[in-house]
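Here is a short briefing for a first look. Start with the sequence and the structure.

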Amino acid sequence: MTTTLTDAPKAETPSRAKDLRAATHGAHDRLDKRIMAAAPFADRARYGRFLLVQHAFHRDIDALYDNTMLDGLLPDLPGRRRLGQIQTDLTDLGIAIPAIDTEPHFAAGADVDLPSALGWLYVAEGSNLGAAFLLKEAVKLELNEGFGARHLAGAPEGRGLHWRTFTAALDAVTLSDAENERVIANAVAAFDRVRGLVDDLMPLPEAA
């Protein structure tokens, strides 16, 4: 049989988002398993510990949502912010919003390194995509998008479309090879940051 050019498989379009997914798969998988090992939905008290992790991580990146450079590159950036929702979730459950002495990873008003910001935002947006499962678990604790689990709610247009518009914009940013490597390194650093927070704030049940 003769193979024509039209029969040949098409080269896959390069995708920064797909490269990030592949490069961070191990770190992401280890984090997910560690979180679930802490039984965050066993009761509201353990879910509260999960909220504290979310609060600390989103505090680290909150300044990015005010950055005009990033706002010009990423769709509906301010609408993707979740720190305020997490704080309201904490209040719903009667948990005081922590006073954290250390500076957030991205300080308000500071210059932002684009590859660093993209790596951390990739992790934040990916967690929102996967939050549908977490929301179903939260419902078992009588929590929902209007009480205690606001930050787990999906976007009005749907989680899938919300994610795809983000990754399309992420793929469209022009970066050098070295900058692409920094995006990956910062995504891994963001996963490691969350893992550290989980270790600090979500002890395993037998260690609690």
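How many residues does helix H3 have, and what span does H3 reach from its first C-alpha to its last? Helix H3 (residues 44-61) has 18 residues and reaches 26 Å, close to the 26 Å expected at 1.5 Å a residue. The model is predicted: local features need pLDDT of at least 70, side-chain atom pairs count only at pLDDT 80 or more, and totals for chains, interfaces and linings use all residues. Residues are numbered from 1 along each chain as its sequence is written, and side-chain values use heavy atoms, leaving out hydrogens and water.

**Helix H3**
- Helices are DSSP runs of H or I with at least four residues, numbered from the N terminus.
- H3 is mostly covered, with 14 of its 18 residues buried (under 20% relative accessible area, 1.4 Å probe, protein chains only).
- Aspartate 43 caps the N-terminal end of H3. A side-chain oxygen of aspartate 43 lies 3.1 Å from the backbone nitrogen of alanine 45.

**H3 against H6**
- H3 and helix H6 (residues 114-129) pack at about 145°, with axes 11 Å apart (axes are lines fitted to C-alpha atoms over the stretch in contact, and angles run from 0 to 180 degrees between N-to-C directions).
- Phe57, His58, Asp60 and Ile61 in H3 meet Trp120, Val123 and Ala124 in H6 (contact means heavy atoms within 4.5 Å).

**Aspartate 89**
- Aspartate 89 lies in helix H5 (residues 83-92).
- Aspartate 89 is buried, at a relative accessible area of 0%.
- Beyond its neighbours within four places in sequence, aspartate 89 is in contact with Leu51, Gly148, Ala149, Arg150 and His151.

Methods
Helices (H or I, at least four residues) and strands (E, at least two) are DSSP runs, numbered from the N terminus. The expected span of a helix is 1.5 Å times one less than its number of residues. Buried means under 20% relative accessible area, exposed over 50%, partly exposed in between (1.4 Å probe, protein chains only). A polar contact is a pair of N or O atoms within 3.5 Å; within protein, one must be able to donate a hydrogen and the other to accept it, and residues adjacent in sequence count only if both atoms are side-chain atoms.
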